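Biologist: Could we go through the interior of this model together?
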Amino acid sequence: FFDKTQRNIRYSADNSLCAMSENGASQRRPQSSRKGRLLCVFISLAFIAIQLVLNHVVSKESDQHLDKDLGPPEIKASYLTSTIDELLQHSEASSASLRTIINSLKTHKPPGLHGEEITDIEGETKRCESYGFKYAGRRTRRRVFYGSNIADDSWHTIAAHAMESFGLYHTVALVESNVTHMRTPRNLRFKADSLNVRAMQSGIFGPTTDVFVDQYIDTGKPINATGDSYGLINEDLQRELVLERWIKQGMTTDDLGLIGDVDEIFSRDFLLAAMTCDVPQFRTGQDCKKPKIAPKTLIFEMAPDCITEGRHWFHPDMISGECIDGVGDSNTHPQAERVMGVGFRFKGYGRENDDYQHLPINSTMFPLFKPSDTRMKSGSQIISKRGSHSAFHLHNYFRSTKDIRHKYWTYTHGYHGSEKKVPLGEFHEDIDLAVRCFTNRKDKHLPYVRKKGGFDSIDGLLQPLAFQNKEYRKQRFEEMKQEILKDEAVYSSFEGTYKK
């Protein structure tokens, strides 16, 4: 309607012309009366007003952002409940465990809702000390801007992430692409005003958190990724839209940027520490040489009861706005040459920790970080809670083994466009560990084994808030066990081994 209206409306300052036509060409009419001319001008202005309104509507739709000012809290709660109820009837909620975790979003309130003002000084001091930091008297929390690519992530990970971070993120900036990392075409799940987007914007991340889902559209043109040794340039191009969204949302040098995947989740306790404590990387006056922190991340393979023993992940990654490109001072920090302007730095600009030979000798300031740097550049300080984990990786938390196979076929782990019709465990040692967890088979020959006792083995340590529902844990385990047994009936089981 908007496009058709634009084509059909024509207005001229010449008061003898005022016409609408189907082909867009103005039609000259005889000199009209003063009254007729006024009427004509009034009609034209009315159409211009309509255009302005339509422009506003289209602009909001392209942003894929729901106006969160829905009125009183009870109205917001009602909208959240009705949207989640609608999602529960959708194919996205195709299993009992999904319905359980999605349904919990309607009433989830984390323990100790923490506002912007810092009031419990004693509690914050103890929290800071548990991560090796100090509390230096800060009275308001830093704002956190979260950013991630999103694709086939299940509502297991979306819901768990929303529950853990509830009310703590200022902005959630997600970006979906119409292709995978290997440029395999895919259908968009998060189109403007889709149920998935409406559910994410319904308040599940908190009543004041702004949630956006932007789209990166790959047109199929050749990409010159010379210098990209990791093969992740498509991911970097996509993540650049996260940075654009943060800047539009008013990120400042005192804010924090958090880059990760949806299934990589800082514990709520750690997020509060980062927002409150005196973290050296977040102090003013950064040279931006090594400005990142990352967590010691506990890995859950497909279900809460399948935990990897002795191996940790080290994402997501957090950085001060002072060291973020487009937010920090570009006059103080030199520019880095990069793959396609957004990807990995070229050698000599800090691709590795001390690789700065292309900067002036004795430089004291270093290039600002793009999302690709925040995600992949080495040099992060790893933060643990008294030696234990401080974040969670919900690895391969898909709805089915079909979705897992699709991931390993078409994404970064892909097999060069050729679908591998092999036993599931043959794809990767992590998957083999999970298969053996669900089927209770031996795993001593694997590089890493599962934790004895499953979820109960981390009692007393940080746990995902979403996993504290015992019924959910049981449902997810049984569902994936059946999925794996059905998969093995078609592809058989993997009897090989991996090098330790």
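The chat below takes up a helix, the nonpolar cores and the cavities.

Modeller: This is a predicted model, in which local features need pLDDT of at least 70, side-chain atom pairs count only at pLDDT 80 or more, and totals for chains, interfaces and linings use all residues. Residues are numbered from 1 along each chain as its sequence is written, and side-chain values use heavy atoms, with hydrogens and water left out.

Biologist: Why is helix H6 largely enclosed by the rest of the structure?

Modeller: Because 11 of the 11 residues of H6 (residues 155–165) are buried, meaning under 20% relative accessible area with a 1.4 Å probe, protein chains only. Helices here are DSSP runs of H or I, at least four residues, numbered from the N terminus. Just after H6, Gly-167 takes a positive phi of about 80°.

Biologist: Which residues have the most contacts inside the largest nonpolar core?

Modeller: Trp-155, Met-200, Ile-204, Phe-300, Met-318 and Phe-438, in a core of 83 residues. A nonpolar core is a set of buried Ala, Val, Leu, Ile, Met, Phe, Trp, Tyr and Cys residues joined through side-chain atoms within 4.5 Å. Apart from this core lies another of 21 residues, Leu-237 and Phe-369 among them.

Biologist: Changing topic, what lines the largest cavity?

Modeller: Glu-301, Thr-308, Arg-311, Glu-429, Asp-430, Leu-433, Leu-446, Pro-447 and Tyr-448. A cavity is a set of points on a 1 Å grid over the protein atoms alone where a 1.4 Å probe fits but cannot get out, and lining residues have an atom within 4 Å of a point.

Biologist: Which helix gives the most to that lining?

Modeller: Helix H12 (residues 429–439), with three residues.

Technical notes
Buried < 20%, exposed > 50% of the residue type's maximum accessible area, 1.4 Å probe, protein only. Helix = DSSP H or I, 4+ residues; strand = E, 2+ residues; numbered from the N terminus. 1 Å grid on protein atoms, 1.4 Å probe; cavity = no way out; pocket = protein on both sides within 12 Å on 5 of 7 lines; lining within 4 Å.
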